[in-house]
Amino acid sequence: MRIQQLLKYCIFFLPAIFGTVLILFADKGISESRDIETELFSEEESLVQKNKVRVVTVYDGDSLDVAGKNGKRIKLRLYGIDAPEKGQHFANTARAFLEDLTDNSLYTLDVYYKDKYGRYVAVLYDENGIAVQEDLIRNGFAWVYPRFCDDILLCVGWQSVQDEAKSSRQGLWQEENPITPWDFKHHKK
């Protein structure tokens with residue numbers, strides 16, 4: 001008898017508990033979104049222009065600084081990819097490609113989260129809706145990073161672009177067996 005009553009209570013309260021947990025996680029994303037809006041954009045801007053940024057500094061093939069309309073800068077890590085590390089073949093070329101690609105253009109910023117180093121992890125889209133990450137992959141200057149690329153729509157598409165770059169021997173795919181940045185860092189330690 002007690003087990004039946006306990007089950008009734010669990011069935012009654014389980015959706016409420018699940019809903020609360022869901023709201024807490026959803027609120028975290030909204031909070032991060034509000035944080036970046038506060039940092040980069042003024043309240044007076046239209047919604048269309050609100051998330052436009054320009055690249056101001058490129059550190060390597062996947063790390064950069066962007067500035068919002070108010071001039072405030074933030075550190076950004078490009079979501080879902082990994083570019084060659086300093087000391088690795090194509091590292092300088094990847095950085096130079098990203099500098100050229102992003103020079104004097106506005107991008108739409110789609111933030112996923114803030115990483116443990118305080119950088120915003122995001123996708124940058126050009127005016128045609130093409131992600132900067134896709135251009136880096138297409139030209140052979142970055143890998144899709146399976147460990148950190150979990151947006152199915154983007155990552156499956158980027159993997160297809162990577163396969164094409166590999167088969168046409170673009171950029172780093174000119175090498176017989178290029179070492180991924182995550183393996184390069186691991187063996188460097």
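## Exercises: charges, strands and core

Arg 95 counts as partly exposed, at 27% relative accessibility. (Buried means under 20% relative accessible area, exposed over 50%, partly exposed in between, with a 1.4 Å probe and protein chains only.) The model is predicted: local features need pLDDT of at least 70, side-chain atom pairs count only at pLDDT 80 or more, and totals for chains, interfaces and linings use all residues. Residues are numbered from 1 along each chain as its sequence is written, and side-chain values use heavy atoms, without hydrogens and water.

**Exercise 1.** Find the salt-bridge partner of Glu 99 and describe the pair.

*Solution.* 
- Step 1: Glu 99 forms a salt bridge with Arg 95. (A salt bridge is a side-chain nitrogen of Lys or Arg within 4 Å of a carboxyl oxygen of Asp or Glu.)
- Step 2: The closest N and O atoms of this pair are 3.2 Å apart.
- Step 3: Both residues sit in helix H3, four residues apart, so about one helical turn separates them. (Helices, H or I with at least four residues, and strands, E with at least two, are DSSP runs numbered from the N terminus.)
- Step 4: Glu 99 is partly exposed, at 35% relative accessible area.

**Exercise 2.** Describe how Asp 65 and Lys 75 are linked.

*Solution.* 
- Step 1: Their side chains form a salt bridge, with the closest N and O atoms 3.7 Å apart.
- Step 2: Asp 65 lies in strand S2 and Lys 75 in strand S3, ten residues apart.
- Step 3: Lys 75 is also the bridge partner of Asp 65 in S3.
- Step 4: S2 (residues 63-67) and S3 (residues 73-78) run antiparallel and are joined by five bridges.
- Step 5: Asp 65 is buried, at 6% relative accessible area, whereas Lys 75 is partly exposed, at 43%.

**Exercise 3.** In what order do the five strands close into a barrel?

*Solution.* 
- Step 1: The order is S1-S2-S3-S6-S5, with mixed pairing. (Two strands pair if DSSP finds at least two bridges between them.)
- Step 2: S3 and S6 are parallel, with three bridges. Here Leu 76 stands opposite Tyr 120 in S6.
- Step 3: S5 and S6 are antiparallel, with six bridges.

**Exercise 4.** Why is S6 largely enclosed by the rest of the structure?

*Solution.* 
- Step 1: Six of the six residues of S6 (residues 120-125) are buried, so the strand is largely enclosed.
- Step 2: Take one face: Tyr 120, Ala 122 and Leu 124 are buried.
- Step 3: Take the other: Val 121, Val 123 and Tyr 125 are buried too.

**Exercise 5.** Which residues touch the most other members of the largest nonpolar core?

*Solution.* 
- Step 1: They are Leu 64, Leu 76, Leu 124 and Trp 158, in a core of 38 residues. (A nonpolar core is a set of buried Ala, Val, Leu, Ile, Met, Phe, Trp, Tyr and Cys residues joined through side-chain atoms within 4.5 Å.)
- Step 2: S6 gives this core its largest share, six residues.
- Step 3: Leave aside neighbours of Trp 158 within four places in sequence. Its contacts then include Tyr 79, Ile 81, Val 123 and Cys 149. (Contact means heavy atoms within 4.5 Å.)
- Step 4: In soluble globular proteins, nonpolar side chains tend to be buried together.
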